[in-house]
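Hi everyone, thanks for making time this morning.

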Amino acid sequence: MKTNDQFTDWAVELQSIAQNGLKYSHDVFDRERYQQVREIAAQMMEIKTGMSIKQVKTLFCGDEGYQTPKIETRAAIFKDDKILLVHEKLTDDWSMPGGWCEANLSTEENCIKEAKEESGRDVKPVLLIALQDRNKHNKPILATGIMKAFYLCQVIGGEFEENDETSDCRYFALDNLPKLSIDRNTPEQIKMCYEASKDNHWRTKFD
């Protein structure tokens with residue numbers, strides 16, 4: 001994961017080196033040094049983000065084991081050239097149905113699950129539109145690597161019911177989008193999904 005911010009990149013790389021070292025090193029002195037490196041990385045992110053050191057350690061230094069990116073999925077569902085978006089209760093904005101990929105599910109299976117949970121729709125993913133490095137396309141920049149998998153989906157049934165995460169579900173024209181959850185999906189990403197829905201020869205985009 002690379003950002004356009006060298007300071008953030010250094011902090012992320014130091015955290016990754018420290019976490020991987022703590023995973024594989026058995027020497028007590030080496031482990032102390034790796035822990036010190038992790039502390040320095042956390043302090044760098046504290047300066048950069050303005051968050052408390054406790055918050056930084058929870059978000060930035062909470063994982064164990066070899067550090068790898070997380071994966072989230074987004075379902076692109078269209079009808080009459082309009083895209084289906086759900087209203088997020090937590091943030092009071094709109095996004096394509098989606099979320100973190102469960103450990104026991106493939107990205108395709110996770111896309112189906114998230115679409116059902118958030119929009120009530122039973123869907124069939126028909127195309128992997130893109131696999132994107134989140135920090136290259138979405139804000140704010142995060143200190144953990146996240147890959148976003150966008151799937152073009154066909155609706156095969158189901159209806160929306162309000163749930164713990166979403167309070168509404170509607171189709172929107174691309175020139176009349178509501179307030180978007182930019183960290184989940186941008187206007188550019190929605191446009192990309194629309195273009196894929198119209199292109200029978202679409203080739204999956206990836207970073």
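Let me start with a cut-off: a salt bridge here is a side-chain nitrogen of Lys or Arg within 4 Å of a carboxyl oxygen of Asp or Glu. Please also keep in mind that this is a predicted model.

With that cut-off in hand, have a look at Arg134, in the loop between β5 and β6. Arg134 is buried yet has no salt bridge. Which side chain of opposite charge is nearest to Arg134? That is Asp183, 4.8 Å away, and the cut-off is 4 Å. What Arg134 does have is a polar contact of 3.0 Å with the side chain of Asn135. Beyond four places in sequence, Arg134 touches Lys139, Pro140, Ile141, Leu142, Ile146, Lys148 and Asp183.

Lys148 forms a salt bridge with Glu72, with the closest N and O atoms 2.5 Å apart. This pair links distant parts of the chain, as Glu72 sits in strand β1 and Lys148 in strand β6, 76 residues apart. Are these two buried or exposed? Glu72 counts as buried at 7% relative accessibility, and Lys148 counts as buried too, at 0%.

Now for a salt bridge with another setting. Lys198 and Asp81 meet through their side chains at 2.7 Å, N to O. Lys198 belongs to helix α5 and Asp81 to the loop between β1 and β2, so this pair ties together parts 117 residues apart in sequence. Lys198 is exposed, at 52% relative accessible area, while Asp81 is partly exposed, at 39%.

There is also a local one: Arg33 and Asp30 form a salt bridge of 3.0 Å, N to O. They are about one helical turn from each other because they sit three residues apart in helix α2. Arg33 is partly exposed at 49%, and Asp30 is partly exposed at 31%. Across the whole structure, the search finds 12 salt bridges, and Glu102, Lys113, Glu114 and Glu117 are linked in a network of them.

Let's move to the nonpolar side. In soluble globular proteins, nonpolar side chains tend to be buried together. Here the largest nonpolar core has 17 residues, and those touching the most other members are Leu85, Met96, Ile129, Phe150, Met192 and Cys193. Two or more residues come from each of β1, β2, β5, β6 and α5, with α5 giving the most, four. A second, separate core has 11 residues, including Cys111, Ala115, Ala149 and Cys169.

Click on Ile129 if you'd like a guide to the surroundings. Among the residues in contact with Ile129, beyond four places in sequence, are Ala76, Phe150, Met192, Cys193 and Trp202.

Asn185 counts as buried at 0% relative accessibility. A polar atom of the Asn185 side chain lies 2.6 Å from the backbone nitrogen of Met96. Asn185 is also in contact with Trp94, Ser95, Asn138 and Leu180.

To finish, let's zoom out. The chain has five helices and eight strands, and the C-alpha trace spans about 60 × 30 × 30 Å along its principal axes. Of the 207 residues, 42% are buried. Among contacts between residues at least 6 apart in sequence, 67% join residues at least 24 apart.

Conventions. Residues numbered from 1 in each chain as written. Predicted model: local features only at pLDDT ≥ 70, side-chain atom pairs only at ≥ 80, totals over all residues. Heavy atoms only, no water. Core = buried A, V, L, I, M, F, W, Y, C linked by side-chain atoms within 4.5 Å. Buried < 20%, exposed > 50% of the residue type's maximum accessible area, 1.4 Å probe, protein only. Contact = heavy atoms within 4.5 Å. Lys, Arg positive; Asp, Glu negative; His and termini not counted. Polar contact = N/O pair within 3.5 Å; in protein donor to acceptor, adjacent residues only side chain to side chain.
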